[in-house]
Amino acid sequence: MIEARHLRVLRTVAATGSFSAAARELGCTQPAVSQQMKALEASAGTALIVRTGRETRLTEAGEVLVRHATGILAGLAAAEEEMAAIAGLRAGRVRLVSFPSGSSTLVPTALAALRAAHPGTRVSLVEAEPPASAVMLREGDCDVALAFRYGGSAAEWDDLVVRPLLVDRLVGVVPEGHRLAGAGAGAGVGTGTAGSDGASAGTVAIGELADEPWIAGCPRCRKQLVDACEESGFTPRIDFATDDYPAVIGLVAAGLGVAMLPELALEAVRPRGVRTLTVEPSVHREIVALTLPDLAKVPAVAATLDQLVLAAAR
């Protein structure tokens with residue numbers, strides 16, 4: 001194997017014309033130069049330098065190697081500089097995938113802080129719901145995946161680095177004029193809404209919504225809705241299904257059904273014309289950031305994970 005340090009010595013010998021001049025240029029002894037040239041010739045499997053008295057000239061193979069050495073050493077220097085920049089967070093790229101309500105709430109805060117702290121780090125974003133986002137991570141299509149799960153198997157992410165972010169409660173959403181809109185004391189549910197638009201109408205048992213038409217979300221959320229309803233003794237009649245949270249709010253506000261949405265999703269929309277209900281038994285989803293063990297050691301990825309944790313804590 002040809003080593004970069006041997007190429008540097010060869011190039012210096014070719015430029016200076018002798019071992020002794022090369023030794024002075026490199027700040028080492030002449031025997032050291034001679035030893036490295038012998039090692040390089042052994043690696044190359046042929047003579048590279050011919051010494052005639054005090055003069056030194058390259059063989060044809062030596063000329064070829066010197067010609068390539070310049071590009072090789074320049075490439076190595078560039079690679080070393082880029083790696084140093086990445087290690088020092090002066091550069092780097094992170095490919096992030098997130099589910100929609102995470103993209104509109106946690107991600108902007110995290111990426112703004114990341115850019116302020118490390119302006120040379122670039123982040124790209126695409127959207128995907130779990131479990132597709134975890135598949136993208138495992139297949140090398142992203143570096144960090146923002147994901148969620150409802151209870152679920154503890155082994156689902158066993159092969160990944162899991163950074164817990166927050167526990168997100170689901171709340172019922174009904175039209176403003178709904179029979180349950182005035183139920184309970186009206187305590188807030190943490191969505192940041194106030195007044196008649198999106199205000200909390202209190203706490204109800206999910207069974208009180210058994211006869212309502214339902215508007216469901218993504219497949220994973222839809223399954224959780226069905227499971228929660230069946231545990232309370234009924235199967236929900238799902239009239240509409242959409243991954244678009246503003247569309248869910250619009251359908252509910254129009255009186256076309258009721259829904260259960262994560263509080264994080266309500267932070268991302270303006271829930272006009274609806275009321276939120278704290279539903280019992282409560283349903284929660286775990287929000288996490290995922291990456292691969294090796295990627296977790298990459299400075300830009302580690303910094304992105306840290307900023308997502310901070311964004312979730314705000």
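Biologist: Which residues in H3 do Phe 19, Ser 20, Ala 22 and Ala 23 in H2 meet?

Modeller: This is a predicted model, where local features need pLDDT of at least 70, side-chain atom pairs count only at pLDDT 80 or more, and totals for chains, interfaces and linings use all residues. Residues are numbered from 1 along each chain as its sequence is written, and side-chain values use heavy atoms, with hydrogens and water left out. Taking contact as heavy atoms within 4.5 Å, the H3 residues that meet those four in H2 are Gln 30, Val 33, Ser 34 and Met 37.

Biologist: How many nonpolar, polar and charged residues are in the contact of H2 with H3?

Modeller: Ala, Val, Leu, Ile, Met, Phe, Trp, Tyr, Cys and Pro count as nonpolar, Asp, Glu, Lys and Arg as charged, and the others, Gly among them, as polar. Sorted that way, the contact of H2 with H3 has 5 nonpolar, 3 polar and no charged residues.

Biologist: At what angle do H2 and H3 pack?

Modeller: Helices (H or I, at least four residues) and strands (E, at least two) are DSSP runs, numbered from the N terminus. Axes are lines fitted to C-alpha atoms, for helices over the stretch in contact, and angles run from 0 to 180 degrees between N-to-C directions. Angles under 35 degrees count as roughly parallel, over 145 as roughly antiparallel, 65 to 115 as roughly perpendicular and the rest as oblique. H2 (residues 19-26) and H3 (residues 30-44) have axes 8 Å apart and are therefore roughly perpendicular, at an angle of about 105°.

Biologist: Where is Leu 89 found, and is it buried or exposed?

Modeller: Most residues other than glycine have a negative phi. Leu 89, however, has a positive phi near 60°. Leu 89 is found in the loop between helix H4 (60-87) and strand S3 (92-98). With a relative accessible area of 15%, Leu 89 is buried.

Biologist: Which residue is joined to Pro 131 by a cis peptide bond?

Modeller: Most peptide bonds are trans. Pro 131 lies in the loop between strand S4 (121-127) and helix H7 (132-138). Omega of the cis bond is about 5°, and the partner of Pro 131 is Pro 130.

Biologist: What is omega for the cis peptide bond that joins Glu 280 and Pro 281?

Modeller: Pro 281 is in the loop between strand S11 (274-280) and strand S12 (284-291). For the cis bond from Glu 280 to Pro 281, omega is about 0°.

Biologist: Which residues does Pro 164 touch?

Modeller: Pro 164 is in strand S6 (residues 161-175) and is exposed, with a relative accessible area of 55%. The C-alpha atoms of Pro 164 and Ala 289 are separated by 6.5 Å, although these residues are 125 places apart along the chain. Leaving out residues up to four places away in sequence, Pro 164 touches Ile 287, Val 288 and Val 309.

Note on methods:
Buried means under 20% relative accessible area, exposed over 50%, partly exposed in between (1.4 Å probe, protein chains only).
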